[in-house]
Each structure stands twice: as C-alpha cells, then as structure tokens.
Amino acid sequence: MSDIPFLNLSPMHEAIKTEMRGAFEQVYANNWFILGKELEAFEQKYASFNQTKYAIGVSNGLDALTLSLKALGVGPGDEVIVPSHTYIASVLAISYLGAVPVFVEPRMETYNIDPEKISSAVSKQTKAIMPVHLYGHACEMKSIIDIAERYALKVVEDNAQAHGASFNGKLTGAWGHINGTSFYPGKNLGALGDGGAVTTDDSILAEKISTLRNYGSKEKYYNDVIGYNMRLDELQAAFLRVKLNYIAKWTTERKQIASKYNQALDGIGEIVLPQVADGADHVYHLYVIRTRERDKLQEYLRTKGIGCLIHYPIPPHLQKAYKHLGYQKGDFPIAEELAETCLSLPMWPGIEEMQIEYIVNTIKSYFSVQR
Ligand SMILES: *Cc1c(COP(=O)(O)O)cnc(C)c1O
C-alpha cells in the first residue's frame, strides 16, 4: 500500500477538470477580474444553496468573520463569546476589532460549544455569540438562538467547516444574524486559492458587507466608511460555482466514509468515535477520533505511511498570541483535554475503499500489538 496522505484533493479535481478549465476560459475571455458577473452569479447560487437571502463573496474566512462582526458594530471593549476549542481564526476576527474573546467550553462528546455554559459567560459587555460548527458538525443552534434572544445578543456563525450541514433541518450559516464561511482549498467547498463568504437574511447588514469589502465604497470614488479590500475575485468565484454543483455529492460521500470508519473502529482500544448531537447533521469536514494514546498512535500510523493531523494541538487561550488575556493551563480543561486526545483521520471524497481498510487495520494492529 502506497502512503496515504491526510488529504488528497486530486480525485475531486480530476473529475471536474474540464468544467474548471471552462470556468477559467470564461473569465479569461471576459477580461474582467474583480467584482463582476462571475461573482454575482456565484453569490446568488451560494445564497440559494445556503437558504439565505444574501451571500457576499469575500477574500477568505477570517475576513468573512471580521466583516460580520464589524457590520454588527462590534468594537473595542465589547465581548464576544466563542468556544475554547476552535481554530484560531474564529478568535482572531474578534481581536481584529479590538473586542475581547470570552471562551466557553465545548461539550466533550460533540466538540462544539456547550449551550448550557453560555449564560454564565454573558456580561454587560457581551455583544455577540460565535458558535463554530467544528469539523462539520452543526452546533445546537436552537438553544444558542434562545440564549441570544434572552440576552439580546447577536449570533455570528463560523461556518467555515460545515457547508451544507444543518440543525433541526435548517442549514448552518442561516441561523445567525450574519455568518461567515471559508473557501480555503481544503474546506468542504474549496476554491483554488483563498476565498470566503458572508451569509445573512438582513438586507442592511448585506449592504454593509458589500460596502466594507470594497474600500467602504458603493459608488466608485465615493467612500462612505473606512472599508477594506476584502473581495472574492472573478476567477475563484467561477471555480466555486462549478464546485458548488458537486458539494451535495461530495457531502454524501464524506458521510459514507465516516460511517465506514464508525463501523470498523467501534470498540477498538479505548477510541472515542465522533458523536452527532440530537437534531444535528455532520458533514465530516474532518473525521476526528479521541484516544489518550493519541501521540503514540499518530506516530505509529506515520511509520505505516498514514498521514493524520491534530485539530488543534494548542487551544487559543494557551497560544502565545493570547498571553495578554492571562489564562493558564487548567482554565479550560475540556478544550485542553480535546487538544491532547483528538486525532483527525484521512478523509476526502474519492478516498479508496482499500485505503480506508488499511487505515482501520493499522489502527487495530496498533491496539492489539501495543497491549
Ligand atoms: C478555515 C477556518 C477559518 C478561516 O478561514 P480562512 O479562509 O482560512 O481565513 C475560520 N474558522 C474556522 C473554524 C476554520 O476552519
């Protein structure tokens, strides 16, 4: 068996090569590269896919979250509630605006923010809650929205890992007042470079994002606010429009792969398999198991040619960048435990049956040989 990387985009990209070349040819022939027809067409298509009134293409996921918070008026001194177990970008967006991230622990079983712990983190300064649908698993959005309404807070979903997931049948990225997503190449819907989008049903917020992403200008050379250059370009929009036609198929495939892993790994060693919360849908951006022997298992798999990654090895509150917040080890024990025990197995649409078998058998052999 040749080496199995952690991620291989080539089966997806091989299958759509002709269409992707067509998209390139179209943009090349248009000779229009920023804020044009391709972007408009993708925005409409993505809004319709995500069942929101508006989708605004932006430069990347981090900028999508930053612009969303900015459009809500989040600024210096405000607090934003964010899970203690997430990718750093969720937290960076809050910091960019001079606001303070207030961490809330995830549930150990779901890896997502624990709604029961949100209320006690709310203060007079709290402006918004940012649930993150980590690994593609939808957060318990009904409870989160209820809490937000009780305290009159805004909700900004970080939907970077969960295109097409849902909770109680309603899509992630459609629950919050305004939401950000990423089209980083390795995401479930990935561009051939950086990209992102903001989704919302609110026409005023949508307009603010359109203005902010383009120098704060609605009409060329008239600047209403101090904006940014945070646009999604025509080429990426054209590529993404092609790929959006396949996301449903790819998601189905991800779920099938997860179910194969679930069956084959059930009861092996003391591995904890990914759980799906009641009412939640999981689109398996990542397939994440947990074990106290994580480091040894990862090393063993590496020697057998299997690439696995840790999402994420250091929780935000323990990052050097956030030293000034004054947290210590032990402050968010669940996030810390997850960081020490989680392991993401190879997962991509097009991974072969034999590769899954080899991964599973290698994990089995680790647990039988080592004990
Ligand atoms: C990828 C990611 C982001 C940031 O997206 P970029 O496009 O890389 O800026 C934000 N939040 C989460 C949870 C992510 O996985």
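This is a predicted model: local features need pLDDT of at least 70, side-chain atom pairs count only at pLDDT 80 or more; totals for chains, interfaces and linings use all residues.
A crossing of two helices is left-handed if the near helix is turned anticlockwise from the far one by less than a right angle, and right-handed if clockwise. Residues are numbered from 1 along each chain as its sequence is written, and side-chain values use heavy atoms, with hydrogens and water left out.

**Exercise 1.** Describe how H3 and H8 pack.

Step 1: find the helices, which are DSSP runs (H or I, at least four residues; strands are E, at least two) numbered from the N terminus. H3 covers residues 37-50 and H8 covers residues 234-244.

Step 2: take the geometry from axes fitted to C-alpha atoms over the stretch in contact, with angles from 0 to 180 degrees between N-to-C directions. The angle is about 35° and the axes are 8 Å apart; the crossing is left-handed.

Step 3: list the contacts (heavy atoms within 4.5 Å). On the H3 side they include Leu39, Phe42 and Phe49, which face a set in H8 that includes Ala237, Leu240 and Leu244. By class, the contact of H3 with H8 has 9 nonpolar, no polar and 5 charged residues.

**Exercise 2.** Work out which residues come nearest to the ligand.

Step 1: collect residues with a heavy atom within 4 Å.

Step 2: look at N and O atoms. A backbone N or O atom of Gly61 is 2.7 Å from a ligand oxygen. In Asp158, a side-chain N or O atom lies 2.7 Å from a ligand nitrogen.

Step 3: note the elements. Helices H4 (61-71) and H5 (88-96) each give two or more residues to the shell.

**Exercise 3.** Find where Gln51 and Tyr312 lie.

Step 1: Gln51 sits in the loop between H3 and strand S1 (54-58), and has a positive phi of about 55° although it is not a glycine.

Step 2: Tyr312 is in the loop between H10 (294-303) and H11 (333-341). A cis peptide bond, with omega about 15°, joins His311 and Tyr312.

Note on methods. Ala, Val, Leu, Ile, Met, Phe, Trp, Tyr, Cys and Pro count as nonpolar, Asp, Glu, Lys and Arg as charged, and the others, Gly among them, as polar. A polar contact is a pair of N or O atoms within 3.5 Å; within protein, one must be able to donate a hydrogen and the other to accept it, and residues adjacent in sequence count only if both atoms are side-chain atoms.
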